[in-house]
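Work through the exercises below with the model open. Each task is followed by its solution.

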Amino acid sequence: MNATLLGQAITFVLFVWFCMKFVWPPVIRAIEKRQKEIADGLASAETAKKDLELAKANTSDIMQQAKVEANAIIEQANKRKAAILEEAQQEASREKERIVAQGLAEVEAERKRAREELKQQVATLAIAGAEKIIERSVNEAANSDIIDKLVAEL
């Protein structure tokens with residue numbers, strides 16, 4: 001019995017030595033490799049999480065900046081629109097004044113022409129009336145100064 005026990009002890013010692021020499025080193029290396037991969041994965045996940053938070057912050061900043069720029073562009077467009085409308089109103093006002101002034105000038109010219117024509121007609125009628133009164137013909141060429149004076153008085 002001692003011999004079997006001793007044989008079993010030697011076999012056990014040889015088995016432990018064999019395992020420690022040939023089995024444990026690859027198993028330990030595999031465990032260490034897996035631990036390193038897990039640690040690297042966790043570090044990468046933490047880095048990705050920080051990058052995501054930074055990207056969210058940057059996105060928020062970019063969106064805020066884009067809103068500010070969009071508002072500035074809209075405000076500038078509104079100012080330009082108001083300036084264009086004001087310019088168009090001023091141009092329309094100037095055009096209206098020009099048209100009214102031109103119309104007034106035409107009316108005044110027409111009035112002067114009508115007045116001159118009326119003066120001529122009155123002078124002709126006056127001469128015709130004077131001819132009938134004195135029953136003789138008045139020489140227009142000889143009395144042109146009188147006719148001009150009469151037209152000027154009218």
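**Exercise 1.** Classify Phe-18 as buried, partly exposed or exposed.

Solution. The relative accessible area of Phe-18 is 42%. Buried means under 20%, exposed over 50%, and partly exposed in between (1.4 Å probe, protein chains only). Phe-18 is therefore partly exposed. The model is predicted: local features need pLDDT of at least 70, side-chain atom pairs count only at pLDDT 80 or more, and totals for chains, interfaces and linings use all residues. Residues are numbered from 1 along each chain as its sequence is written, and side-chain values use heavy atoms, with hydrogens and water left out.

**Exercise 2.** Find the aromatic pairs in the whole structure and state the geometry of each.

Solution. Rings of Phe, Tyr and Trp (its six-membered ring) pair if their centres lie within 6.5 Å; planes under 30 degrees apart are stacked, over 60 edge-to-face, the rest tilted.
- The search gives 2 pairs.
- Trp-17 and Phe-22 have ring centres 6.3 Å apart and planes at 90°, so this pair is edge-to-face.
- For Phe-18 and Phe-22 the centres are 5.2 Å apart and the planes at 45°, so this pair is tilted.

**Exercise 3.** How are Phe-18 and Phe-22 spaced in helix α1?

Solution. They are 4 residues apart in helix α1, so about one helical turn separates them. Helices are DSSP runs (H or I, at least four residues), numbered from the N terminus. Phe-22 has a relative accessible area of 48%, so Phe-22 is partly exposed.

Technical notes:
Helix = DSSP H or I, 4+ residues; strand = E, 2+ residues; numbered from the N terminus.
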